[in-house]
Amino acid sequence: MLDTKNKWNTIALVAGILFIAVNLRVPFTSIAPVLPLIQSDFGLSSSAVGLLTSLPLLAFAAFSPLSAPVARKFGLERTLFGALLIISLGILLRTTGSVWSLYLGTILIGTGIALGNVLLPGLVKRDLSANVASMTGAYSITMGAAGAIGSAIMIPITQVWGWNIALVLLITAPLLALIVWLPQLKKHEPVSLSNPKKSATVAVWKSPLAWQVTLFMGFNAMPFYVAVGWLPTILIDQGISASEAGTVHGTLQLATAIPGLILAATLRRLKDQKLAAVTTSLLVALSLIGLIYAPEFAILWAALLGFGSGASMMLGLTFVVLRTKNAGDAAALSGMAQCVGYLMAAAGPLFLGQLHDWSGGWTVSLLITAVISIAGAFTGMMAGRNVHLEPAPSMS
C-alpha cells in the first residue's frame with residue numbers, strides 16, 4: 001500500500017516538474033513569430049522590439065541570485081507555485097493592449113522563469129537524487145519540444161484570432177502546471193540548495209580562467225537569444241512565409257535539446273574539451289552565415305544553430321564543475337558566469353535591433369553575430385583546457 005502511494009507521489013512530482021519545464025520556455029519564446037505584427041501595431045522601432053526580447057534576460061540576471069533565498073524562506077514547492085502565478089500574470093498583462101503593459105508583462109514572465117530556472121534543478125537533486133541525469137534530460141527535452149510547438153502554432157492561431165488572443169492562450173500552460181503542482185504544496189521538507197555563502201577559495205572575478213569560462217557562456221548565449229528573438233522576423237524579411245518562419249523557429253528550439261542526449265555522458269571522459277567548445281561555437285557561426293547567403297535552407301541552419309547553442313550551454317555549465325575543485329568555487333564561478341552571461345545575452349537582441357535600424361537590413365547584424373560566435377570559439381579553446389581555478393595569492 002505504502003509503495004503504491006510512493007509510486008503515485010513520484011508520478012505526480014515528475015508530472016509537475018515537466019509541466020513547470022514547459023513554462024520555462026513557451027511564454028518567453030512564443031512571442032517571436034508575432035513580433036513583426038506587434039511592431040507594426042504599436043509602431044515600434046527594431047531597437048524597441050529588441051528591448052522586448054532582452055527584458056526577460058535582464059530579469060534572469062536580476063532575479064536568479066534571489067531565487068535561493070526566497071525558496072529558503074517560503075519552500076521550494078511554494079516558490080515554484082508563486083513563479084507560475086507570476087508567469088500567468090505576465091501573460092495576461094502582456095496582452096492588455098498598451099505598450100507599458102507589453103513590457104511590464106514581459107518582465108514578470110522573465111522573473112517567473114528565472115525562479116524556475118534556478119530552483120527546478122535543486123528540486124530534482126533533492127527529491128529525485130537517484131535519477132538526476134535522466135530527469136534533467138527529460139525536462140530539457142520537454143522545454144525544447146514545448147517551445148517548438150509554441151512557435152509552430154502561433155501564426156496559425158494568429159491568422160484566425162489575432163496575435164493578442166494567440167498570446168493570451170499561452171496562459172493554458174501555467175494554469176495546467178498550477179493544477180498539476182497543487183499536490184506538492186502540502187510538503188514541508190527542508191530546502192537543500194547550495195549555500196551561496198559557502199566560502200570560495202578563488203577570487204573568481206580576478207581569475208583569467210574564470211573570465212574565459214564566463215565569456216564562453218556569454219559569447220555563446222548572445223547568438224542563441226538573438227535567434228530566439230529575431231529569427232522569425234529575419235526570415236519573414238527574406239520572403240519566407242510567417243507560418244514557415246514559426247516552424248523554423250520551433251526547429252531551432254527543438255534542436256537545443258538534442259545535445260543533452262548525446263554529450264552528457266561523453267564530455268567528462270574527454271582529456272579536455274577544447275575541440276568540443278570550438279566546434280560548437282563555429283557551428284553557430286556557420287549557421288548564421290548560412291542564414292544570410294542561403295536562406296532557402298533556413299530549417300537546416302536553424303537546426304545547426306540550435307544544436308550548437310544547446311551544446312555550448314551544456315559545455316559552459318560543465319566547465320563550471322570541471323574547472324573548479326570544490327563546491328564553494330563552483331558556486332562562485334556559476335554565479336559570475338550566469339550573471340555576466342545573461343547580461344551579455346540581453347545585450348544581443350537589443351544591439352542587433354539597433355544595428356538593423358542603422359543598416360536597414362540583417363546582413364551586418366548577422367555577420368557581427370557570427371563574429372561573436374567566433375569569439376566564443378576562441379574563449380572555448382581557453383576554457384576547455386584541462387586546468388583548474390587556483391586559489392588567489394593572499395593579499396598583503
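**Core packing and helix contacts in the predicted model**

In this predicted model, Ile17 is in contact with Leu120, Leu123, Val124, Leu128, Met135, Tyr139 and Trp181, when its neighbours within four places in sequence are left aside. Ile17 also belongs to the largest nonpolar core, which has 82 residues, and is listed there with Ile38, Leu120 and Tyr225 as the residues with the most contacts inside that core. Helix 10, spanning residues 208–237, supplies the largest share of this core, namely ten residues. Another core lies apart from it and has 17 residues, among them Val204, Val213, Phe319 and Val320.

Two helix pairs were examined in terms of their packing geometry. Two packed helices are described by the angle between their axes and the distance between the axes. For helix 4 (residues 46–74) and helix 5 (residues 76–94), the axes come within 7 Å and cross at roughly 120°, and the two helices are therefore oblique to each other. The crossing of helix 4 and helix 5 is right-handed. On the side of helix 4, the contact is formed by Val70, Ala71 and Phe74, which meet Leu76, Arg78 and Thr79 in helix 5; by class, four residues of this contact are nonpolar, one is polar and one is charged.

The second pair consists of helix 11 (residues 242–256) and helix 14 (residues 298–322), which pack at an angle of about 30° with their axes 7 Å apart. Helix 11 and helix 14 are therefore roughly parallel to each other, and helix 11 passes helix 14 in a right-handed crossing. Here Val248, Thr251, Leu252, Ala255 and Thr256 of helix 11 meet Ala298, Ile299, Ala302, Ala303, Leu305, Gly306, Phe307 and Gly310 of helix 14. The residues of this contact divide into nine nonpolar and four polar, with no charged residue.

Two individual residues illustrate opposite states of accessibility. His356, found in helix 15 (residues 327–359), has a relative accessible area of 15% and is buried, because this value falls under the 20% cut-off. Leaving aside neighbours within four places in sequence, His356 is in contact with Ser46, Asp237, Gly361, Trp362 and Ser365. Trp8, by contrast, has its place in helix 1 (residues 2–23) and counts as exposed, because its relative accessibility of 55% is over the 50% cut-off. The C-alpha atom of Trp8 is separated by 15 Å from that of Lys187, a residue 179 residues apart from Trp8 along the chain.

Key. Residues numbered from 1 in each chain as written. Predicted model: local features only at pLDDT ≥ 70, side-chain atom pairs only at ≥ 80, totals over all residues. Heavy atoms only, no water. Core = buried A, V, L, I, M, F, W, Y, C linked by side-chain atoms within 4.5 Å. Buried < 20%, exposed > 50% of the residue type's maximum accessible area, 1.4 Å probe, protein only. Helix = DSSP H or I, 4+ residues; strand = E, 2+ residues; numbered from the N terminus. Contact = heavy atoms within 4.5 Å. Axes fitted to C-alpha atoms, helices over the stretch in contact; angles between N-to-C directions. Parallel < 35°, antiparallel > 145°, perpendicular 65-115°, else oblique. Left-handed = near helix turned anticlockwise from the far one by under 90°. Nonpolar A, V, L, I, M, F, W, Y, C, P; charged D, E, K, R; others polar.
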